[in-house]
Amino acid sequence: MPVKEETLNTALHRGSTILQAKGIKRVFGRGNAAVIALADIHFDIPAGSIVALKGRSGSGKTTLLNILSALDEPTDGQVFFQGREITSLSVSERNSLRRKEIGLVFQSFGLIPLMSAYENVEFGLRIAGAKVKGNREAAERALTLVGMKERMKHRPPELSGGEQQRVAIARAIAHEPVLLIADEPTAELDSRMGLQVMRVFRELVNRTGMTVVLTTHDPDIMELVDHVIALEDGRIVSFTTNESPLV
């Protein structure tokens, strides 16, 4: 299916820093009960790339994703998105940013049970402020990309966990966000469908310049991304680059 071609402006800025973390620290609780979830997090993520965060459960991956997507605020430090500090934005400004420029895929699918797969994706487009006239085409295109066009009239309770995950991904990419943040997007999928989803991400990156930041435990997925950031106990222990990703 055709995807919106990247603009000259997007092409010129591919590879520039789109997301930057400076000294991120996140502490939960106070006093003797305080738990340091993240500490001394610094990195630059280039635009038009796919980046994976890896680490054991409890290493801080999801906490970091929540801060990068402006769902949570760091105890200390700053996050810059397209050169703009987002850690200082008001709640309404952060909500607007997520609706229009950031796509989110959660481990809990967040689908509305009484809506069909198509309606869930189209509703997401309306929340993002997309023009209603093109919503049907955009929703169907996104569902086709993740292999769910034949099931788009089914409601979430009628779908398997993997199918619901694909609908959630379609909803997140339908408005072609500048940044897609995904928490274990292939965890509920078999290897074949996981590869298809990664190909969808790569196509969007290549065509539109979108940037993808995801978490994963799957070593096969790590071979398909451009960069891998490893976390241990809330700290970055390595930032590696795949010179020739397999997808």
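Trainee: Which residues in helix H2 are buried?
Mentor: This is a predicted model, in which local features need pLDDT of at least 70 and side-chain atom pairs count only at pLDDT 80 or more, while totals for chains, interfaces and linings use all residues. Residues are numbered from 1 along each chain as its sequence is written, and side-chain values use heavy atoms, with hydrogens and water left out. Helices (H or I, at least four residues) and strands (E, at least two) are DSSP runs numbered from the N terminus, and buried means under 20% relative accessible area, with exposed over 50% and partly exposed in between (1.4 Å probe, protein chains only). In H2, the buried residues are Lys61, Thr63, Leu64, Leu65, Ile67 and Leu68.

Trainee: Is Gln164 buried or exposed?
Mentor: Gln164 lies in helix H6, which spans residues 161–173. Leaving aside residues up to four places away in sequence, Gln164 touches Phe109, Leu111, Pro156 and Leu159, where a contact means heavy atoms within 4.5 Å. Its relative accessible area is 17%, and therefore Gln164 counts as buried.

Trainee: What is the radius of gyration of the chain?
Mentor: The chain holds 8 helices and 10 strands. The globule rule, 2.2 Å times the number of residues to the power 0.38, is compared with a radius taken over C-alpha atoms. For 247 residues the rule gives 18 Å, and the chain's own value is close to this, so the chain is as compact as a globular protein of that length, with a radius of gyration of 18 Å.

Trainee: What percentage of the contacts with a separation of 6 or more comes from residues 24 or more positions apart?
Mentor: Along its principal axes the C-alpha trace spans about 50 × 40 × 35 Å, and buried residues make up 50% of the 247 residues. Among contacts with a separation of 6 or more, the share from residues 24 or more positions apart is 68%.
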